[in-house]
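Thanks for making time for this one.

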Amino acid sequence: MSRAELRRGYGGPVANYVAFDCATLTGVSASVGTGGAVTFDSGRPSPRSTAGSIKMTQPTISSSFVQFTKDVSPVVSANASRGVGVWIYISDADGSIPSTVTFGVYFGATLGDTSGGFATFLASVSSARNDGWYFVAGERSSASYGGGASAASWATGYVTRVVCQRYGVASEVPFWVGGIELCYPARPKLILSFDGQYESIRDYVKPLMDARGLVGTMFVSWDVVGAVGRMSMADIESLPADGWDIGPRKFDLNSIGYDDQIAYPTAESIADDIRNAQLACLAAGGSAACSKVQCIPTSNPWSGGNSYAIRKQCSDGFNMAGVRVGRNGSEVSSGIGNGVFTNQIHETGDAGHLQFVYSRQLHNAVTSSTALADVDQAIKLGSTMVHYMHKTGAAGSNGVWSEASTLEYLNGVDMRQRHGLIDVVNFGDWLDGLNVARRAA
């Protein structure tokens, strides 16, 4: 299947409706505890407003809150949305960060009418966060309802007001809210990605995928191309003709992570390695879009064990290299998580917020039925599911998925694609689809 054939009929997501862009305090109603504040910060532009964002300063006493609400005008029919999301800027550079943020919507019939009750979502943001905007999404089936609202309100009501609240520990560092959006359903996508160009993918997995019209993305460790057990350069260069895409893992020192201060002492050294890997992907026939998807090798720079300075250095290096999405290649046994910052997806740009993104590594502790349940969750939510594996063989070690599980899984994916329930795309085409939707919005 050629790339042109793959893209024909590819449906990108629908842009979200911006219920409140947080570009002003006009019409905002704020409630704060002692020492808390809701202010407009023109120095902190968000992906939804170049004018600035709303700064929420936590009260100086415990068990108190800071909150704002804003009427939506005109009111928005809720029945087409699958939930609501909020843009948050947060950093742990200067102290402890808020562990949770509550956000949601009120339902009614006319502007300002909240008689239909409300739906709220609780976002956990307690792990490491360095400077950057994060889009946290809540799917409507996970909402908590009050004031007479229920799940039926999404089908019968209108969104008339948005709300954001922080409640809890005193004097935590401020955070900024840059926009609240209704999340519209997208045509569900499945991305199958592979690390390290292992021969088992070439010899076993890819033939099964080719026979079923499925495409994948290969993240290449360029310093071990052609090594024992690894695909050759000719193997890699043959992938685009079959609809696959090629993304960068690393160029040098694939056994060492970007958080290693000896090997990568500066943001520039990280960016240089990424750029070299990106150029190698393009030279091998990969797309420009996929070259901007970075598979983080060996260790996750944004893990809680790394200092703020290391995380900031890695973020700067990624931004210098124009990385749009970073995909963490480590094992995550806890499975899927929502939002564009999950345990495995770090979104350095703003493309991914148009869809929920779920991710799981297919390794020895994951069954084929569990993996297919992930796919069904993506179908239910109209979202993107990322599944990846390193290699296949005899199960029993991290990163190895059995050939039997691979066959059962691909048969299930094939059935779902043939019935039109999900599109299997590569990373480059997924990003291209997001870009098309953003230009059309």
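Let me start with Met218, whose bridge partner in strand E15 is Ile246. That pair belongs to a parallel pairing of strand E14 (residues 217-221) with E15, which runs over five bridges, where two strands are taken to pair if DSSP finds at least two bridges between them. Strand E15 (residues 245-250) is mostly covered, with six of its six residues buried; buried here means under 20% relative accessible area, exposed means over 50%, and partly exposed lies in between, using a 1.4 Å probe and protein chains only. Helices (H or I, at least four residues) and strands (E, at least two) are DSSP runs, numbered from the N terminus.

Residues are numbered from 1 along each chain as its sequence is written, and side-chain values use heavy atoms, with hydrogens and water left out.

Next, Phe194, which lies in strand E13 and is buried, with a relative accessible area of 2%. Leaving aside neighbours within four places in sequence, the contacts of Phe194 include Thr217, Met218, Trp244 and Met389, a contact being heavy atoms within 4.5 Å. The C-alpha atoms of Phe194 and Thr217 are separated by 6.2 Å, although these residues are 23 apart along the chain.

A search of the whole structure finds one cavity of 30 Å³ or more, and the largest cavity has a volume of about 40 Å³. A cavity, on a 1 Å grid over the protein atoms alone, is a set of points where a 1.4 Å probe fits but cannot get out, and lining residues have an atom within 4 Å of a point.

What, then, covers strand E6, on one face and on the other? Gly83, Gly85, Trp87 and Tyr89 on one side, and Val84, Val86 and Ile88 on the other, are all buried. Seven of the seven residues of E6 (residues 83-89) are buried, so this strand is largely enclosed by the rest of the structure. E6 pairs in the antiparallel sense with strand E9 (residues 133-139) over seven bridges, and Val86 stands opposite Val136 there. Seven bridges also join E6 to strand E12 (residues 175-183), again antiparallel, with Gly179 as the bridge partner of Trp87.

Finally, confidence: pLDDT is the predictor's confidence in each residue, from 0 to 100, and the chain has a mean of 82, with 82% of its residues at 70 or more. pLDDT stays under 50 over residues 1-13 and over residues 329-355. Where pLDDT is low, the predicted coordinates should not be read in detail.

Notes
Predicted model: local features only at pLDDT ≥ 70, side-chain atom pairs only at ≥ 80, totals over all residues. 1 Å grid on protein atoms, 1.4 Å probe; cavity = no way out; pocket = protein on both sides within 12 Å on 5 of 7 lines; lining within 4 Å. Points joined across faces, edges and corners; volume = space filled by probe spheres on them.
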